[in-house]
Amino acid sequence: MGTRARRFFLLNLILLVAFALRVHGLSALLDSIHYDEAYYANDALSLIATPRLQPFFDGNYGREGLWMVLLTPALSSLGGGALAIRITAIFTGLLTVAAVYRLARALGWGTTAAISSMAVLATLYWHVQLSHLGMRALTMPLIGALALAALWFAYKTDKVAAWGIVGVWIGLLAYTYIAARAWIALAALLWVGMMIERWRRGGGVLRPLFGLGAALVITAPLVAYIITNPAAANQRIDQVGITEGSQVIANIGAWLPVPFTQGPTDIVYNLPGRPLFDLPLTLLIGLGGTALLANRLLSLSLTSLIFICALLATALAPALVTSEPLRWLRAIGIVIPIALLIGAGAGALDHTLRRFHQAAGVILIGALLAWAA
């Protein structure tokens, strides 16, 4: 089997595993709907009954409109029950697994690191659990990963079409979830930095500006709504936001045990108390981290490392400035940098173990991820 054939086989195997984990237990979820899911479905049904472009829905403390649009095909074909909601969530989660691979490759990573990142997200319990629920927050990791992958790709190729695609994805990101605004700010900083770098090297900035224009056009309806209806658009922020530094520090303390010892207790989003990482992923983090240091960050360039740390910080920030910091949904974006970090460590681990046996790293990584699954 050639290299391309093996890569194609692994990618499809991971997607099949991701699908199996996300569809598992579906029948037990068809008799119940969370009230948030019901709100989304009712709004989506209203779009079916009266087709229109609506950037923001005021009900249930206000929600961006992309998820309702995504629900309409399944609701139209399968009816207004829970199945349509769950199917949409499952495939949104599945596409996110594929998007992580695209982001890793856009960062210039090798095949092992990129595939490992994809496999981590496929088996990460947090994302598996949320892929069973029809919440709009699930769109943030998907659109965010695609937007950032497109941004890195456009920077490397500098094609008009590539920058235009960046603008489309960034624009759509604004319609996913309120926490995505932090990622949009990060993308804007990266965008400006890339333009400055191109200008310093004597390159043009018209193509990146074209993409920026596309983003502004797409986000214009939502921005106009927020400006003209600030009370409705910001009611969720007013409800759960905090401003005191002591509360932020307390929230950071609440998150410290989450990775390895004590996770949230909310049964909707987590097995009560289950930490973010299980034993196999913890072992992979330790082994991969050691290999990264041994290889002097061979699989993770300094630029990638800074980018992932910034991505992690901006994904976690919305949870840290709210009154309930351990609500999984508010920090859902961290599943992307987590998958990338562990994937990069796995790539370095594979490189280290190849000194002893060509397939040793792949076997160990595969065994740990299968255990996690």
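Predicted model: local features only at pLDDT ≥ 70, side-chain atom pairs only at ≥ 80, totals over all residues.
H2 and H3 are roughly perpendicular to each other, a word used for angles of 65 to 115 degrees, while angles under 35 count as roughly parallel, over 145 as roughly antiparallel, and the rest as oblique. Residues are numbered from 1 along each chain as its sequence is written, and side-chain values use heavy atoms, with hydrogens and water left out.

Back to the pair on the screen. Helix H2 covers residues 35–49 and helix H3 covers residues 66–78; their axes are 8 Å apart and the packing angle is about 75 degrees. Axes here are lines fitted to C-alpha atoms, for helices over the stretch in contact, and angles run from 0 to 180 degrees between N-to-C directions. The helices (H or I, at least four residues) and strands (E, at least two) are DSSP runs, numbered from the N terminus. On the H2 side the contact involves Tyr 40, Ala 41, Asp 43, Ala 44, Leu 45, Leu 47 and Ile 48, and on the H3 side Trp 67, Met 68, Val 69, Leu 71, Thr 72, Leu 75 and Ser 76. Contact means heavy atoms within 4.5 Å. By type, the residues in the contact of H2 with H3 are 11 nonpolar, 2 polar and 1 charged. In that count Ala, Val, Leu, Ile, Met, Phe, Trp, Tyr, Cys and Pro are nonpolar, Asp, Glu, Lys and Arg are charged, and the others, Gly among them, are polar.

Next, H4 and H5. The axes of H4 and helix H5 (residues 111–123) cross at roughly 155 degrees and come within 8 Å, so H4 and H5 are roughly antiparallel to each other. H4 contributes Thr 96, Val 97, Ala 98, Val 100, Tyr 101, Ala 104 and Arg 105, and H5 contributes Thr 111, Ala 114, Ile 115, Ser 117, Met 118, Leu 121 and Ala 122. Those residues of H4 and H5 divide into 10 nonpolar, 3 polar and 1 charged.

The contact of H7 with H8 has 17 nonpolar residues, 2 polar and no charged.

Now single residues. Thr 176 sits in the loop between H8 and helix H9 (180–200). Its relative accessibility is 0%, so Thr 176 counts as buried; buried means under 20% relative accessible area, exposed over 50%, and partly exposed in between, with a 1.4 Å probe and protein chains only. The side chain of Thr 176 reaches the backbone oxygen of Leu 173 at 2.7 Å. Beyond its neighbours within four places in sequence, Thr 176 is in contact with Glu 64, Leu 66, Arg 136, Thr 139, Met 140 and Ile 143.

His 132 is in the loop between helix H6 (125–130) and H7, and at 10% relative accessibility His 132 counts as buried. Its side chain reaches the backbone oxygen of His 24 at 2.8 Å. Not counting residues up to four places away in sequence, the residues His 132 touches include Leu 21, His 24, Glu 37 and Arg 86.

Ile 90 is in helix H4 (residues 82–106) and is buried at 0% relative accessibility.

Last, the loop between E1 and E2. Asn 60 lies between strand E1 (56–57) and strand E2 (63–64) and has a positive phi of about 55 degrees, although it is not a glycine. Tyr 61 is in the loop between E1 and E2 as well, with phi near 70 degrees. Asn 60 is buried at 18% relative accessible area, whereas Tyr 61 is partly exposed at 39%.

Key. Polar contact = N/O pair within 3.5 Å; in protein donor to acceptor, adjacent residues only side chain to side chain.
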